[in-house]
Each structure stands twice: as structure tokens, then as C-alpha cells.
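Please open the structure in your viewer and keep the sequence beside it.

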Amino acid sequence: MNDFEFELTDRVQKIKSIDAQFDLRNKSFISFSGGKDSLTVSRLIDEALPDNLIPRVYLNTGIEYKMMLEFVKELAQRDKRIVIVNSGINIPRMLEQEGYPFKSKEHSQ
């Protein structure tokens, strides 16, 4: 077994252990941005818990990158577990009052 296979097996076993303790299949959701991290988490959950119906929730605030939103919409057409929630907040007004959130680690620096 190589390092990658060991790490994959270890993570899958950890997810199964957490599921046994907390019932992930019925009591959880995945925060889903469509980026590499949330895609990886989603794939690992699928590997550990085949046929799970855990919702993947994408919050569309209206300030996300357009390409990312389109990508998530395409995924949602093929995977009904992906739920797109549209923000009911007036984002421009909120930004004036609260400031601008960082879109990425690059912007935060």
C-alpha cells in the first residue's frame, strides 16, 4: 500500500467512525463552494458512505465568481444533493455597513 492509498483508507475509516458516532447520513450537510476542498470532502464522504443523501449546500450571496456559480449549477443538474440557497440579504447595503468579506486567501493578504 502506498502513502496515497494509506491516507485515503485512513480518511474513509475516520468518516465511517464519525458516522457511527453522530449519524452523518441523517444529521449533517456539507458546505459546498464547488472548489477543490469541498469537492474533495464530498468525494471522500461518497467513498466512505456510499449512496448517502447528505445535502451539499451552496450559498449564493451574489458576490461569488460567475464561473464558480455556473459550475455549481451544472453539478446540481447531475447531483440532486447539491442545494443552491440564494441569499435574501441586500449585499451592497450589507457591504457598506459591515465591510467586504475576503473571496480568497490571496485577497486576505
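Which residues of β2 form its covered face, and which form the uncovered one? Arg-56, Tyr-58 and Asn-60 make up the covered face, while Val-57 and Leu-59 belong to the uncovered one.

Before the next selection, some conventions are required. This is a predicted model, in which local features need pLDDT of at least 70 and side-chain atom pairs count only at pLDDT 80 or more, whereas totals for chains, interfaces and linings use all residues. Residues are numbered from 1 along each chain as its sequence is written, and side-chain values use heavy atoms, with hydrogens and water left out. Helices (H or I, at least four residues) and strands (E, at least two) are DSSP runs, numbered from the N terminus.

Next, follow the pairings of β2. Two bridges link β1 and β2 in the parallel sense, and here Ser-31 stands opposite Val-57.

Now select Asn-60, which is found in strand β2. Is this residue buried or exposed? Its relative accessibility is 15%, so Asn-60 counts as buried; the term means under 20% relative accessible area, exposed means over 50%, and partly exposed lies in between (1.4 Å probe, protein chains only). Residues up to four places away in sequence aside, Asn-60 touches Leu-69, Ile-84, Val-85, Asn-86 and Ser-87, where contact means heavy atoms within 4.5 Å. A polar atom of the Asn-60 side chain lies 3.1 Å from the backbone nitrogen of Gly-62.

**Helix α4**

Axes are lines fitted to C-alpha atoms, for helices over the stretch in contact, and angles run from 0 to 180 degrees between N-to-C directions. Within α4, select Gln-77. Gln-77 is exposed, with a relative accessible area of 63%.

**Helices α1 and α3**

Two packed helices are described by the angle between their axes and the distance between the axes. Select α1 (residues 3-22) together with α3 (residues 36-48): the angle is about 75 degrees and the axes are 9 Å apart. The helices α1 and α3 are therefore roughly perpendicular, a term for angles of 65 to 115 degrees.

Which residues meet between these helices? Leu-8, Arg-11, Val-12, Ile-15 and Lys-16 in α1 meet Leu-44, Ile-45, Glu-47 and Ala-48 in α3. The residues of this contact comprise six nonpolar, three charged and no polar ones.

For the last stop, select Ser-38 in helix α3. Ser-38 is buried, with a relative accessible area of 8%. Apart from neighbours within four places in sequence, Ser-38 is in contact with Ser-31, Phe-32 and Ser-33.

Methods: Parallel < 35°, antiparallel > 145°, perpendicular 65-115°, else oblique. Nonpolar A, V, L, I, M, F, W, Y, C, P; charged D, E, K, R; others polar. Polar contact = N/O pair within 3.5 Å; in protein donor to acceptor, adjacent residues only side chain to side chain. Pairing = 2+ DSSP bridges.
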